[in-house]
Amino acid sequence: MRYQDLLKKIKLSNRFKGNIYMNRAFSHGGGGGSTEQVKYVKEGKGKYIFYTAVTSVALSLGITYAYENYILYKWNNKYDYSYNPDISTIENKLKERKEAKEGKREKRHVSKNIILVRHGQYERKNRNDENSKKLTKEGCKQAEITGKKLKDILNNKKINVIYHSDLIRAKETAQIISKYFPNATLVNDPNLNEGTPYLPDPIPKSSKFDTNKIRLDNKRINKAYETYFYQPPGDEDEYQLIICHGNVIRYFLCRALQLPLFSWLRFSSYNCGITWIVLDDEGSVVLREFGSVSHLPFESVTYF
């Protein structure tokens with residue numbers, strides 16, 4: 001039985017080989033028409049791939065150019081209209097300026113100056129206890145020198161309120177600085193508290209981020225931004241002094257200058273560094289200085 005089965009298998013294999021050879025012979029000897037047709041299909045497919053690739057590259061370059069020149073880097077003068085507390089005042093002011101230009105009358109520009117100061121150096125023994133993060137002796141010294149500097153650069157400027165976060169290190173810094181602005185009232189704003197405002201890019205290898213915490217921090221810090229950053233509705237220049245934290249200041253900077261929000265961690269802010277941002281009544285934003293510590297002695301410049 002085994003011998004007969006083996007013979008059957010040999011016969012089947014021979015038939016299978018014969019079919020292959022017959023198919024090959026048929027395909028080669030089937031005439032010129034089939035060969036030309038195959039050649040035509042191959043040439044048509046090659047042209048299709050070539051034109052598709054060229055079109056895709058051209059379209060990609062065109063979209064990239066349009067995005068970079070007309071969307072990504074195009075300044076939005078009306079960036080704050082969605083949350084400005086007094087939109088009608090801004091619109092009336094723009095209307096007046098337009099009428100002044102038509103009548104060739106000059107109208108004074110109004111600006112809002114936001115001075116952001118990072119808190120002084122603080123104790124870092126217990127990172128999980130915010131109440132233990134009080135200013136060190138060096139931090140108090142930094143705040144004292146910064147207060148004198150702010151008094152000099154804001155001489156004769158109207159500072160009625162000093163805003164600060166709810167964390168102890170910012171409160172103490174604000175209290176020391178407020179000695180140089182006796183007419184200013186200290187206002188506590190928890191929305192200015194430290195946090196992770198946005199998932200940074202690139203992400204540092206040593207860092208771990210909680211997406212749920214980022215979502216909550218982003219909502220809170222955006223609310224703080226919208227409280228202070230808007231086009232000045234009045235007829236006089238405004239000056240606001242805010243004592244808060246490095247992450248918050250860096251995020252404010254990116255959003256005010258319409259930079260990618262994920263780039264906030266690419267900036268570095270030292271203790272008691274001064275950041276000065278100017279917003280005018282036409283929608284322009286200018287960074288006068290960022291994290292300046294030129295007022296501090298070299299030995300008093302610290303990051304932590």
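1. Pro-202 lies in the loop between strand 3 (185–188) and helix 6; helices (H or I, at least four residues) and strands (E, at least two) are DSSP runs, numbered from the N terminus. The peptide bond that joins Asp-201 to Pro-202 is cis, with omega near 5°. For context, most residues other than glycine have a negative phi, and most peptide bonds are trans.

2. On the basis of the values: this is a predicted model, in which local features need pLDDT of at least 70 and side-chain atom pairs count only at pLDDT 80 or more, while totals for chains, interfaces and linings use all residues. Residues are numbered from 1 along each chain as its sequence is written, and side-chain values use heavy atoms, with hydrogens and water left out.

3. Two residues other than glycine have a positive phi: Gln-258, near 60°, and Cys-272, also near 60°. Gln-258 is in the loop between helix 7 and strand 5 (274–280), and Cys-272 is likewise found in the loop between helix 7 and strand 5. Their surroundings can be stated in terms of relative accessible area (buried under 20%, exposed over 50%, partly exposed in between; 1.4 Å probe, protein chains only). Gln-258 is partly exposed at 27%, whereas Cys-272 is buried at 0%.

4. The structure holds seven salt bridges, a salt bridge being a side-chain nitrogen of Lys or Arg within 4 Å of a carboxyl oxygen of Asp or Glu. In helix 6 (residues 211–228), Lys-213 and Asp-217 are four residues apart, or about one helical turn. Their side chains meet in a salt bridge with an N to O distance of 2.6 Å. Lys-213 is partly exposed at 41% relative accessibility, but Asp-217 is buried, with a relative accessible area of 9%.

5. Arg-255 and Glu-226 also meet through their side chains in a salt bridge, at 3.2 Å from N to O. This pair links distant parts of the chain, with Arg-255 in helix 7 (residues 246–256) and Glu-226 in helix 6, 29 residues apart. Glu-226 is partly exposed, at 30% relative accessibility.

6. A further salt bridge joins Lys-171 to Asp-166, where the closest N and O atoms are 3.5 Å apart. Lys-171 is partly exposed, with a relative accessible area of 27%, and Asp-166 is partly exposed too, at 32%. Elsewhere, Glu-130, Lys-133 and Arg-169 are linked in a network of salt bridges.

7. The largest nonpolar core has 20 residues, of which Leu-116, Leu-192, Phe-229, Ile-242, Cys-244, Phe-252 and Ile-277 touch the most other members. A nonpolar core here is a set of buried Ala, Val, Leu, Ile, Met, Phe, Trp, Tyr and Cys residues joined through side-chain atoms within 4.5 Å. Strand 1 (111–118), helix 6, strand 4 (238–244), helix 7 and strand 5 are the elements that give two or more residues to this core. Helix 7 supplies the largest share, six residues.

8. Which residues are in contact with Leu-116, leaving aside its neighbours within four places in sequence? They are Phe-229, Ile-242, Cys-244, Ile-249, Phe-252, Gly-273, Ile-274, Thr-275 and Ile-277, contact meaning heavy atoms within 4.5 Å.
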